Amino acid sequence: MERGELSINGYISRYQEENSRRPYVWLRGLCRGLLIFAFIVTVADDILAQNGVPTGPPPASVDFNIASQPLGTALNAFAETAGWQVSVPTELITGRISPGISGSHQPEEALQTLLAGTGITYRLTDTNAVTLLPDTAIPGAASPPIVGNQVTPVGSAGGPAESTEPKPVKVPEIVVKEARQRKDKSYTVDEVSSATRIPVPVHDTPRSVEVVTRQVLEDQKVIRFSDALRNVSGVSQFSTQGGGAGNFMIRGFASDLNIFKNGFRDDSTYSSRAQRDIINLERIEVIKGPPSYLFGRSDPGGVINQITKAPLKNPYYSAEMILGNYDLYRPTIDIGGPLNESKTLTYRFNGLYESAGSYREGVRSERIFLAPTFGWDLGPRTTFRLEGEYLYDNTPIDRGLVAIGGGVAPIPVTRFLGDPTRKQETNSGKATLTLLHDFNDLFRWRTAFRTAVVRNRYSSLESWFLVGDENDGILNLAQFAIPTTVQSHYLQNELHGQFSTGPIKHKTIIGIELGREVSSASVSGDFGGDTTTPGAFSFINIFNPADRLFLNTPLTKFSNTKNVNDILGVYFGDHVSLLENLHLHGGGRFDYFKQTLVNRPHDLDPNQTEDSQTDLAFSPSVGLTYQPWKPIALFANYTESFAPQASGSRSISGTLFDPERGKAYEGGVKFQFFEDRLRAKVAAFHIKKRNVLTGDPLNGFLFSVATGEQRSQGIEFDVAGRLLPGWDIIANYAYIDARVTKDLLFQEGSRVPNSALHQGSLWTTYFLQDGPLKGLGAGLGMFAQGKRNGVFQCTDPANCQAPFELPGYVRMDAAVYYRRPDVFTRTNLFAALNFTNVLDQRYFSGTQNFREIIYTGAPFTVIGSMKLEFN
């Protein structure tokens with residue numbers, strides 16, 4: 001069939017003539033306005049300061065209401081109320097009682113009162129930061145401050161003692177606990193909880209742990225969750241599922257199972273059906289390697305856990321406006337504070353509205369996201385938190401471009417191959433309840449419940465297959481209507497322990513998780529019609545989009561299913577400090593997982609059938625960390641994973657298949673520099689996944705056999721932190737060799753699709769620290785991926801699509817900032833211009849293992865933002 005007069009040869013010279021994507025005129029004015037505003041404000045502030053006029057509010061007293069209670073609990077309440085960082089070894093405060101404090105006091109005065117009679121003093125280490133240590137000079141006395149590492153003894157009248165000279169005090173190794181974000185807005189954190197479900201210092205954890213902090217998200221002006229993960233080695237989103245929550249590649253293994261939020265599953269099937277937002281996230285923790293030992297069913301690459309923002313005890317208000325080319329408008333708010341005078345009731349609310357066009361022709365989207373959170377201190381030992389989320393998302397189904405020959409079709413990345421007026425509408429609601437109770441300083445109980453309900457209406461006219469000679473560019477389009485409702489409900493009960501057995505210290509967890517997941521969907525479609533008859537099927541000419549035909553034909557309902565998963569998991573873990581520099585972690589999880597699939601009547605089958613499958617699995621984990629020198633930690637671990645097969649998978653004989661199982665070995669070195677402000681890690685790993693389903697070549701590929709095996713091995717490097725005052729960096733590199741090692745359908749030794757041998761990123765920012773331009777900053781970064789296979793390569797090409805490759809690329813990003821604390825009374829200003837893909841590189845993020853689904857990367861993009869923060 002011949003349609004249109006443009007051939008591929010005639011089109012190659014034209015595909016680069018894409019629409020001009022230069023920033024709007026307003027950007028030039030905005031840049032000038034920001035610089036002029038920065039100069040006026042800084043000069044005015046310096047003039048006022050030189051003339052003795054105060055430019056900021058004086059230090060204010062803080063209202064405290066801390067009852068007499070165990071010292072550890074009292075210090076946490078102090079840190080939360082005052083916004084101070086308190087560092088203290090656990091053994092120092094165990095068993096000690098604080099007298100408490102109430103009323104309005106300066107924070108340092110309040111700290112002295114809380115420590116009175118405990119035999120503990122403190123040393124100021126930074127603005128609003130202290131380290132606690134034993135008061136060896138006067139045991140049991142009220143605690144004076146320490147300057148440096150020396151105690152100033154106190155005489156009977158409260159002044160310096162006359163006969164006692166100051167004596168040096170050795171500061172012990174400390175475990176840092178922070179109730180609030182650090183004042184210096186670090187790119188690193190000291191503790192993570194995702195690797196063990198209990199807080200453990202990153203340096204002591206025998207796993208590869210990477211954290212994307214809130215400050216990184218702010219500096220890069222990340223809008224979607226997937227964009228944040230380029231800051232972690234070996235992690236990327238290769239598929240958006242056409243506009244859904246997407247699939248992620250972690251250490252060479254594709255998965256949508258391994259996404260969590262606050263320890264609860266947040267996968268792309270039963271929890272999130274649209275692109276995830278980051279507005280209510282405090283940070284993102286990525287734990288490499290199989291996570292089944294605590295999180296249950298998963299693929300062996302790793303786990304991504306989103307940590308949400310907590311309610312605030314002190315008032316905080318911020319509003320931000322984000323504008324960008326392609327008609328992006330995104331106003332957001334973030335507010336929080338106490339709801340009563342005693343601050344036992346607190347809240348946090350994050351909200352946004354987003355309206356956006358796209359570099360993709362005809363695409364428009366709309367989004368509303370609301371996230372209220374409430375905290376309630378039921379007593380000095382008991383807290384309760386309620387978190388809610390509502391998301392409305394309306395966006396077209398976008399399957400990207402198609403392949404021709406051995407690569408991507410030479411057409412503009414702006415071209416939309418379908419009908420952008422047909423959209424996917426998602427309404428999602430989630431609620432989480434968490435109860436924490438401290439029995440004493442040794443044991444804590446956690447009960448948490450999370451429920452989610454998502455309704456999704458999928459309507460599309462989308463890419464299906466190329467008709468006839470692919471060089472003619474005639475793309476057949478399929479029409480779908482898929483209403484879906486999914487639910488997920490999880491209940492977790494855990495006992496956390498922190499105690500010693502002789503000289504050995506333990507951090508333990510014992511937990512049980514119950515869950516139910518339900519998906520109900522009907523699929524109606526028209527697979528393009530009769531492609532042998534002109535005018536009888538929907539199509540678009542990829543080289544000449546004006547040559548197209550969009551039909552609205554009656555749809556056939558060919559699937560109507562209900563899936564129910566019942567989950568029971570029992571897990572345990574113990575982080576053991578055998579010595580101050582030797583840490584052992586062991587644990588495991590037993591899982592009961594039952595899948596029930598109901599095939600309800602539809603147009604092709606009037607009968608109803610029901611099928612079920614039950615899997616049992618135990619997933620162990622063990623790891624060791626040794627620190628020959630405090631800044632260096634050597635670690636190694638062994639872990640396993642399991643993932644049930646898709647419900648309904650059958651062999652020719654009708655037998656069920658065992659779950660996929662993964663085994664991983666990992667070893668590496670962690671480094672801490674510049675007083676822990678900069679962290680780095682090098683790790684090597686070897687992961688093997690078996691029981692991978694593959695087509696049955698003897699009985700037809702509609703049936704499966706469980707003989708497949710895949711292997712991934714490689715080396716990763718990550719670094720993040722502060723090099724110098726004002727200079728932050730986060731960077732990574734991964735070499736990952738992921739291959740098919742055993743299969744009847746795919747070539748053994750071939751590389752897994754969407755996994756690049758080489759991948760890395762770099763992002764660094766610098767802010768001027770003084771002078772008239774103090775607060776002015778700049779950022780520069782890059783993200784690179786090597787070439788990738790677009791589809792699996794088959795032993796018999798007749799059974800698979802022809803192979804093709806995605807080219808490698810390097811994308812450059814940049815930013816300009818201006819930040820001015822106290823630009824008005826108790827008001828901070830943050831302004832930025834972020835430039836993505838500044839060299840306008842043509843690149844592709846991945847495929848969906850089809851030649852007709854290749855996801856594009858955005859061309860040169862500019863985002864301007866201005867934020868006012870009130871506190």
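The model is predicted. The protein has 871 residues, and 54% of them are buried. Its secondary structure consists of 50 strands and 8 helices.

**Overall make-up**

- Of the contacts in the protein with a separation of 6 or more, 67% are between residues 24 or more positions apart.

- Searching the whole structure gives 11 cavities of 30 Å³ or more.
- The second largest cavity has a volume of about 250 Å³.
- Its lining is made of 20 residues, and those nearest the centre of the cavity are Val 202, Val 209, Glu 210, Val 211 and Arg 679.
- Two or more lining residues come from each of strand 13 (209-213), strand 38 (660-673), strand 39 (678-696), strand 40 (700-724) and strand 41 (727-742).
- The lining of the second largest cavity is divided by class into 12 nonpolar, 5 charged and 3 polar residues.

**His 602**

- His 602 sits in the loop that lies between strand 35 (582-599) and strand 36 (609-629).
- Beyond its neighbours within four places in sequence, His 602 makes contact with Lys 557, Phe 558, Ser 559 and Asn 560.
- The C-alpha atoms of His 602 and Ser 524 are 9.4 Å apart, while the two residues are 78 residues apart in sequence.

Key
Residues are numbered from 1 along each chain as its sequence is written. This is a predicted model: local features need pLDDT of at least 70, side-chain atom pairs count only at pLDDT 80 or more; totals for chains, interfaces and linings use all residues. Side-chain values use heavy atoms; hydrogens and water are left out. Helices (H or I, at least four residues) and strands (E, at least two) are DSSP runs, numbered from the N terminus. Buried means under 20% relative accessible area, exposed over 50%, partly exposed in between (1.4 Å probe, protein chains only). Contact means heavy atoms within 4.5 Å. On a 1 Å grid over the protein atoms alone, a cavity is a set of points where a 1.4 Å probe fits but cannot get out, and a pocket is an open set with protein on both sides within 12 Å along at least five of seven lines; lining residues have an atom within 4 Å of a point. Grid points are joined across faces, edges and corners, and a volume is the space filled by probe spheres set on the points. Ala, Val, Leu, Ile, Met, Phe, Trp, Tyr, Cys and Pro count as nonpolar, Asp, Glu, Lys and Arg as charged, and the others, Gly among them, as polar.
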